[in-house]
Amino acid sequence: MKLAILSICMASALQSSGQAKEAIHAFLDRHCIECHRVSESNGDRRFDNLPVRIESTNDLERYQEIVDQLNLGAMPPEDSPQPTVKQRRAVIAQLTEMIDNAYGELNLSGGHAVLRRLNSWEYRQTLGDLLGINVELWDPTEKFPREVTVGGLDNNGNSLVTSGTLMEHYFASAEEAIHRATQFQEKPQTRFYQQKSPFYFEGEEAKGLPKLFQTGRFRWIPKTPYTDLLGRHYRGGHLGFLPLFREGGVPHSGIYRVRVKAAALGRTHDYGKAISDFRNGDPLVLELAAVDRRGSVTSNGNVSKMKSLERIELTNEEPQWFQWDVHLDEGYEPEIRFRNGPIAAKRMVRLLTSVTPDKPEFQPFIDLEDKLQRARGVLAAYQGPRLRIWEIQVEGPYLEQWPSQGHHTLYGDLQPSDFNDQNLRTQLTQFALKAFRQPQVNAASTKPGTQKLLDALEPIVQLALRKMDQGMDPLKAYQLGCQAILCSPTFLYLDLGEGELADISLASRLSYFLWSSSPDAILLELAAKGKLRENLSEQVHRMLESPKADRFVQHFVRRWLDLDHIGEMPPSEDFIQYYRDNLGSAMLGETRRFFKHLLDTNQPPVELIKANYSFLNRELAIHYGIDGIEGNHLRLVEFTDGEVTRGGLLCQCSFLNASSNGVDN
Amino acid sequence: MGHINRRRILQGTGIALTLPRLESLSAKNHPTPQAPRRLVCVGNHLGFYPGHFFPEASGKNFELTSTLKPLQAHRNELTVFSNLDHGLNGGHKAVQGFLTGIKKEEAAGFAEKNISLDQAAAESVGSSTRFPSINTGITEGTDMCWTRSGVHLPPINNPATLFRGLFIDSAPSERAAERERLQHRASVLDSLRESATTLNSTLGAADQRKLDQYLTSIRDVERRLQMSRQWIDRPKPQSPIKEVADEERQHIDQVGLFYDLIALALHTDSTRVATLETGLGFQTAELNLDIYHHISHQGKSEGRIEQLQVIEAFLTTKLANFMSKLKEMEILNDTLIVFGSGMSDASSHSNRNLPVLLAGGALSHQGHLICPVEQPRRIPLSNLWLSVLNWFGSERDRFGRSTGTFSAMKIG
């Protein structure tokens, strides 16, 4: 399918035939230039000086604007002579073809595959895979300059820029990655942490704790063995986990088992408009988030970085245990949140006392002078949706292997004291071959290609040896060498080869295409034996079945459809469903699942537009006006004729959002 | 939204700093034979509504429009330019060309890529100051500043971070560790250069060009490293104000705070080039207004134009306060301020006839300067930037899309 799409993009290299050109310019003369010319220049646009041939991006955009206006039917203006529908269509088609072709010409690298730098996305995956570190929470490319994109895609070798700024970030990320992968210490013990309600503290106990843990107008120490969460805002809606806050987050990165004893109360309420930001009758959504409080400020709940890990829907009023195994990075700690509650406890007090002041449960409190007593009284008496939490437990880290595979890649079985001038070269060479996406070789059978890489490695080996000579600790000298390897051109640039590809280049092309990362040992071994081609189909299937293939789906869809654009023009805050129901992530999920479905079931490209099904959850279905979908998970929904149809990319929320300019006229 | 209490808004809910009168700190710390020249560039993403920005009459006796009114006290120290732009199209996507004249998509075709005015100026400062430039903005800013390799420089968006950078010395142990790190980094850079050179000899011409970029980057890092080494042990200036706390602030407060910190940075000669950008995400709800982007699509609706007016006057009020502060510090005459937007009328997404004004710098200001409307006499905005650079002391005869220096007014 991708091939089909690519071939559409690469159609005829000619911009347009002479005949078409004449037709276009006759049309422009009559319908555009009349008003957009030197002395008139309506709307600050002039087309009399529009070049016949598109030579630059600027020309291209001027033509694009004309096509846009014609497509919209906004130009020529009503009071001017109108082209016939047929003329309009013909010229739109001709102009579009001309623009597409010019686009290709302006951006191609003359038919050669050039040395291509790993883009940020590929660098992140490659570093993660090479050193076996989790790059989901820690993004080594967080501060990298944004990549230059061509037609939305960020893997055009000719256009990717390398700069001093980027180099500085490479140094920092390589240093941090090596630090994260290094596990010379004893295997960390699995530990058990537990916190029963109450989750808020006051007096001496609360000293030095972030506000989240302190009592206030909207949170207090309950007399019950549980604590109720009331709204989405952190005050009264988020619970921290004190045992791990005290430790500064989890002491080691790894898998942790998080257990929560919780129940859903008051899912149906009769507070009417006072609680209109909760959809009456919905399950209550409990969210588990990983938060990093280092360097945070009070006003945003003392969170500097956050990732939502899990969400679960609760319907039962009786307490149940829920449990997840999640990855937590060193320094992160869990938080439990009421994801779909009313906006904020503070707002609830105001609305409950102004919209529903007659409710009997509020009578004892409604006239209280003391604001704190009044708010607490009202919220304690409130019978609406409450996410009830008894207890939180965390156990971990569970480590599959210690030291990790990444540590092994770096140091083999050596201990810090084992490094010396004898083995430094061998170790650096072994690490470099892995980093450089080469099969492991024994010295006797060094191929010319490999020799080239070893020559490029030599200055780095010399650097490490010299540093050690000057008194640097041998392990430190080795690590400095590894850092240099991760910043060297041979690691950062893909040499993808040209013409008849060598197997080793083919392996890299395949893996960067489908996995956004370096080839694994199986691919490299097949390539080394010259057997990759004969096993190509089998390998491609293996690669597509690997979880790593999700990276292709995720990244390609994101780039192709410009999905990063979502959220750039955020919906108005009045559109509460968008935020409460997590529509932003549901719509991204919909498009990814759809694309993956087409890929997995090998559908023709036309299905991208024509499909009469999509992947929805309850919230997205409600947003689309479709009844009867329960649950927060995305699942295949077929549209029957005559009903609402949201089939095909062009009808999907994500596509519509990403291509809009955020203005509701 | 309800009635707008304009007075309350213009006064700001501010935490604006009261700057004590300063003895000439810069002169004391870094004696310079001749007052250094400084450049401040301020850009707003969503333009300025032309009807409220451009005066009618030309010359020094122009009548201040409602957007310019807050600048009343400085009217003799500014020039508003009509009919200048870069000839770019693309609405939001062309705003990033404000200080460059070149869109990032076209950058590859230019020797200096899409380098921005501030960075071109910063290059000519070199390591004379601790920071070649200080780039600030609200949240993500508006993609205003670009290096000569075509890389976007994101703004510092936390005033506390900027304060620490300007005034807080790191501990001696940290400095020692940093020195050692810089030293090792220099050795690593040497080895990488050698490695790349070895590799280069095995490559074809096209690949060599790509690798050239890598080698240039190495040199760039080396240059910066050299600069860091020069400054690492020199104490930072004393801050005349108390430390700016790391806390969440309203955007409208951040604007004033950044201006204050920029004034201090210039005054202490920590930098001679500074920028401030307000982007699409500027939260106008804090001024009791609707979402900025919605308002900017005024579609000639009076309600929205009135709201726009509040934001735009807020921005020019902050500029006026900044100018007063520089005057008080006695550096306004050495500081040239560029203020404007890469968009003119956000409602039609037009990038033509950009709102641009120059202020300060002891120029012989012209009030409202109407440049020629028609080709071929139209003047590219890049010409103005080129003259600004010459004023600043950057000797060059080209910038962006310039066709020459700016002829309509004497600058420098």
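**Chain A against chain B**

I began with one pair: Glu175(A) forms a salt bridge with Arg185(B), their closest N and O atoms lying 3.6 Å apart. My rule for a salt bridge is a side-chain nitrogen of Lys or Arg within 4 Å of a carboxyl oxygen of Asp or Glu. By that rule I find three salt bridges across the interface of chain A and chain B.

A note on ground rules: this is a predicted model, where local features need pLDDT of at least 70 and side-chain atom pairs count only at pLDDT 80 or more, while totals for chains, interfaces and linings use all residues. Residues are numbered from 1 along each chain as its sequence is written, chains are lettered from A and ligands numbered from 1 in the order in which they are written, and side-chain values use heavy atoms, with hydrogens and water left out.

Next I looked up the contacts (heavy atoms within 4.5 Å): 53 residues of chain A touch 52 residues of chain B. The buried area is about 4,700 Å², with carbon and sulfur atoms giving 57% of it; that is accessible area (1.4 Å probe) lost by the two parts on being put together, summed over both.

**Confidence in chain A**

I then checked pLDDT, the predictor's confidence in each residue from 0 to 100. Chain A averages 88, and 91% of the residues score at least 70. Over residues 1-15 of chain A the pLDDT is below 50, though I see that this stretch has 22 contacts in the model beyond near neighbours in sequence.
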